[in-house]
Each structure stands twice: as C-alpha cells, then as structure tokens.
Amino acid sequence: MQTAPSLPARSRPLLKILGIGFGIAVTIGGTIGTGILRKPGLIAAELRDPVWIMGVWVLVGVYALLGTLCVIELGVMVPRAGGWYPFARRAFGNYVGFVIGWSSWLGSAAAMAFSAYTMCEYIALLLPGTTAYVPVMAVGTLVAFTGFHWIGLKSASRAQEIMSFIKAVGLFGLVAVCFIFGGGDAVAQPVVATISPEKPLILGLITALQAVFYTYDGWHTAAYFAEENTDPAKTLPRSMIGGIILIISIYLLINLALLYVLPMDQLAQSKLPAADAVRLIFGERSGQLITLLLLISVLGIINAQIMFNPRVLYALSRDGLFIKQGTYVNAGGTPGTALVLTAAMSIGLIVSGTYSRLSDIATFFFVLCYASGMAALLQLRKTEPDLPRPYKVWGYPAVPWIVLGASGAFLAGAIWGDPLSSAYAVGFLLLSYPLYRLVVKQAGN
C-alpha cells in the first residue's frame, strides 16, 4: 500500500467545509458547458432520426451514471484530493499515479485555456468591438479568476453554487420556452429526404456517441474535493448521484425541446440549434439570449476547472511527485502555489496558441483516466478487501467492467477519430517513465 509523505511543517491542511450543495453545483458546473447547446445539430446530421438521437443521449447518460457510482466508492474509500490520481496511485503505485496525475493536470490546463478563450469569443459576439482583444481578454479572465480563488475556498465554492444555479435555471427556462411557445409541428415531421446519409449508420453512431460523450465529461468532478468534504461517506453519494441525474434530465429535456421546435433538416444543418430554436420562436435578435447563456455556462466551467485542477498538482506535490512548494495552502484553504502554476500554464497555452491542439490531445488522457479509475476499483477490491468502504457500487463487478469496457471503446474511437493527437499522447506516455525517474530523483524518494 502506498502511503503519502507528511506535509512540511509550514503547510496547512485543506479545509473540510464542503457539503452536498457544492457537490451538486460543481458536478453541474464542471460538466455542462457549450456542448449541449451546440452538439445536437451535429448529432442530428449523423443519425437523422429522433429515436436514435435520444437513444445516444440516454446511453451515454447511463454510462456516466454507472461511472459515477464507481467513483463514489473510490471517493469515500480514498477521500483524498486530486480526482483520478489518488485512486490510480493507491491501486497501482507511484508510477501509474504519476502518469494519471500529470495527464489529468495538463489536459485540464489545456481545457481551461480553451474555455477562457471560448468565453471571450462569446463576449465578442455580444460586443463586436472587442473581437481584436479576445486573447488579451482570455488572459485577463484567468488572472481575475486566480485572484478571486486566492481569497479562499468558501467564496469560490459559493460562487460555484450561484453560477451552477443560474446555469440550471437558464437551461430549464430554455426548455420551458420551447415547449410553451414552440409550434410543435417539427416533432411530427418524418426525416426529410434532403438529408442524405453520407456514411453507414454505424459510423454515424460512433461519431454521435463520441460527441455526446464529450458533453458528459465532468460527471466525476465532485470527487476531486473528497478531502475537503465535511462527511464524504454521507454527502458524496448524494451530491454526485443528484448532480448526474440533474445533468441527464437537462440534456434529455433540451434535446426533446429542440426536436419539438426545429424541423429535422434545419436541426441537422444548425451549428447552434438552441439559438436557432429561440430565433424561430421570437425573432432574429432573440438568439443573443442563447449567446448570453453560453457565456454564463462557460463561466461556470472555468470556475470549476480553476478549483479542481490545482488540487491535482497539490496532491502530486504532497506525494513527492512535484515540488514541495506545491503543498502550500493559504489561510483561505486554497492550494496557492498550485493555483498560480495551473493558471500560468493555461495562460501560457493561450499566448502560444497551442491550447486547441492540446485540448484535442487531452481527450485521449481524459478517457484514459476514466479507465484507470475503473481498473483501480477492481484492483483495490482484490488487494485491499478489508479497506473501509462506506459505499459499495451496486452491481459489482459487472458495473465497473461495463464502464471499463465502454471507456476502452471510447478510447479506441478517440484514436480512430484523431490519430495525430493520439500519437502525441502515446509519445508522452513513452516519455513518462524517464520523467518519473527524474522527478523522483529530484525529490529524493
């Protein structure tokens, strides 16, 4: 069993102040982004049938729910900061933990850079005069978030709760508007012949499943804060299950609403179907409301990302897999050094312009992290059967094996869909062992 080195004398522990409300909020905030308002058009173009469209959203929702049940067992069994990293390290040792931890951190740093840039692009849509300043605004956004999160965990968690509430209300409001004011003629229309299938249904299903899969990414976010939870054994199951059920409900309702308002051919050709649906109901200028909703949605994701990702770096530092200064926690409960380094990495990616490519590469690692979590659950049941488990996943061992198999399939799909990004990811894995040995040597372990 791997044990963590003790913290340096001057290091404070993380604060244990988080509860159910935050867990639900950070699950929603870390998962629901722009995908649910943008991807339905792509999926309609691939599948061309309401039954298939709803089917893929349900199927991936079930995957996320089953994965959540597995992560809850891990989170209450190993209630430590860092998400997938402490699970992999506990089950498979320092090297695997190193790979998963750094993959998670680098991927999330790229995702945060992408989110900040995307948010500022939406600002530019609302304020066209700011278009030339999008990169500067993106950097400024991350600097502002860093300053705010330095204040402490209490204010950051409350902000997450408020942003997630506004996001959920806005999305449910969109659903209500579509069903109350939409004509409803679209839902009765058959698939229009103008949408000609350009590839077999199975390939369309693969593309659609991958698109939906990415919109559900983040269902595990609450587990990053297990160490800061007041009572993880009680609150983590409620918050994570409640959060994922809310997300599934929102996703299914929005897709039903869009199918209700938009004819299939229009939905399939739309890059932003939510805006097209609102414009169809209220007129051209009303589509700006969806841009505002996108802006709020991305704002919540950035807040969640800049909260959870420094916890990975903090955990790596505490276990001797990064610099000792990475364990610094300020009086407000924020891992200060890790926060600054995480923001600096994302800002560097924005300035260099490489965040888009790295976020594509990160997809490979995110799915690898999912698979490592399921493998860790299966491994720990064998190697540490007596470890206290306040919560045990329903349907063991079938459920973790199902999620592991699905993760493997998605990983294969990611390699097939973007072989160049996957090649970069494999290159990192090949370099990971000498990097690990160097870090361990420098740390004196």
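User: What does contact mean when a helix is said to pack against others?

Analyst: Contact means heavy atoms within 4.5 Å. This is a predicted model. In it, the buried residues of H6 pack against helix H5 (94–126), helix H7 (153–181), helix H12 (288–318) and helix H13 (336–352).

User: Which residues of H6 are buried?

Analyst: Val134, Ala138, Thr141, Leu142, Phe145, Thr146 and His149 are buried in H6.

User: Why do the buried residues line one face of the helix?

Analyst: An α-helix has 3.6 residues a turn, so residues three or four places apart point the same way. Here, viewed down the axis of H6, the buried residues fall within an arc of 135°, so they line one face. Exposed residues Val136 and Ile151 sit on the face turned away from that buried side.

User: What span should H6 have, and what follows the helix?

Analyst: Helix H6 (residues 134–151) has 18 residues, which at 1.5 Å a residue should span 26 Å; the end C-alpha atoms are 26 Å apart, so the two agree. Glycine 152 follows H6, with a positive phi near 150°.

User: How many disulfides does the structure hold?

Analyst: A disulfide is a covalent bond between the sulfur atoms of two cysteines. This structure holds 0 disulfides. For cysteine 369, the closest cysteine sulfur is in cysteine 70, 15 Å away, too far for a bond. Cysteine 369 is buried, at 1% relative accessible area, and cysteine 120 is buried at 0% relative accessibility.

User: Is arginine 89 buried or exposed?

Analyst: Arginine 89, in helix H4 (residues 84–92), has a relative accessible area of 7%, so arginine 89 counts as buried. The arginine 89 side chain makes a polar contact with the side chain of asparagine 94 (2.7 Å).

Methods
Residues are numbered from 1 along each chain as its sequence is written. This is a predicted model: local features need pLDDT of at least 70, side-chain atom pairs count only at pLDDT 80 or more; totals for chains, interfaces and linings use all residues. Side-chain values use heavy atoms; hydrogens and water are left out. A disulfide is a pair of cysteine sulfur atoms within 2.5 Å. Buried means under 20% relative accessible area, exposed over 50%, partly exposed in between (1.4 Å probe, protein chains only). Helices (H or I, at least four residues) and strands (E, at least two) are DSSP runs, numbered from the N terminus. A polar contact is a pair of N or O atoms within 3.5 Å; within protein, one must be able to donate a hydrogen and the other to accept it, and residues adjacent in sequence count only if both atoms are side-chain atoms. The expected span of a helix is 1.5 Å times one less than its number of residues. The arc is that of the directions from the helix axis to the C-beta atoms.
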